[in-house]
Amino acid sequence: MGEKLTKLQGWESNLHSFLSESKNKKFGWGDWDCALFADGAIQKMAGESALDGLEWHDKRSAIKAIRENGTFLDAVINRLEKAGLERIENKHCEKGDIVIYKAYFRHIQGLENNALGVYEGYNIAGPSEVGMVRTKPTNLVRVYRLNESR
């Protein structure tokens with residue numbers, strides 16, 4: 001991936017459709033986890049993946065894949081930045097931004113309680129065992145933004 005990922009025309013509508021289609025999907029390692037959720041949103045907004053190569057099929061293989069990349073933050077940040085997403089100050093988070101946040105409901109050794117989500121403009125959306133959940137953006141770790149369309 002040599003070029004920076006750019007938002008497609010109509011990205012907001014694409015994001016809305018993605019979130020609507022995702023609301024009842026339940027969390028599953030390698031089937032529908034936070035990385036797949038965030039990358040699915042990126043693909044809807046930009047037409048391409050930003051998290052290629054970050055793959056697993058269950059919790060054990062997820063932890064192994066993440067440890068091979070250092071930490072969850074290392075694995076995700078390296079790919080987002082390689083795809084050209086721009087790091088934004090947390091206080092400037094906007095609709096469509098990809099966020100890394102502290103997910104205190106997840107206590108998984110090796111993941112530092114970090115999760116990926118999408119900022120909807122007022123809440124962070126992400127997958128859970130009961131379907132998509134929304135949480136207030138009070139526990140942001142990092143925020144990344146796709147480049148604007150030209």
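In this predicted model, the axes of helix 1 (residues 11-22) and helix 2 (residues 34-46) come within 8 Å and cross at roughly 145°, where axes are lines fitted to C-alpha atoms, for helices over the stretch in contact, and angles run from 0 to 180 degrees between N-to-C directions. Helices are DSSP runs of H or I with at least four residues, numbered from the N terminus. On the helix 1 side, the contact (heavy atoms within 4.5 Å) is made by Trp11, Asn14, Leu15, Phe18, Leu19, Glu21 and Ser22, and on the helix 2 side by Phe37, Gly40, Ala41, Lys44 and Met45.

Helix 3 (residues 59-68) has as its buried residues Ser61, Ala62, Ile63, Ala65 and Ile66, buried being under 20% relative accessible area with a 1.4 Å probe and protein chains only. Helix 4 (72-82) is included in what covers these buried residues, and glycine 70, with a positive phi near 105°, follows helix 3.

A search of the whole structure finds 0 disulfides, a disulfide being a pair of cysteine sulfur atoms within 2.5 Å.

Residues are numbered from 1 along each chain as its sequence is written. Local features need pLDDT of at least 70 and side-chain atom pairs count only at pLDDT 80 or more, while totals for chains, interfaces and linings use all residues, and side-chain values use heavy atoms, with hydrogens and water left out.

How values were computed:
Buried < 20%, exposed > 50% of the residue type's maximum accessible area, 1.4 Å probe, protein only. Helix = DSSP H or I, 4+ residues; strand = E, 2+ residues; numbered from the N terminus.
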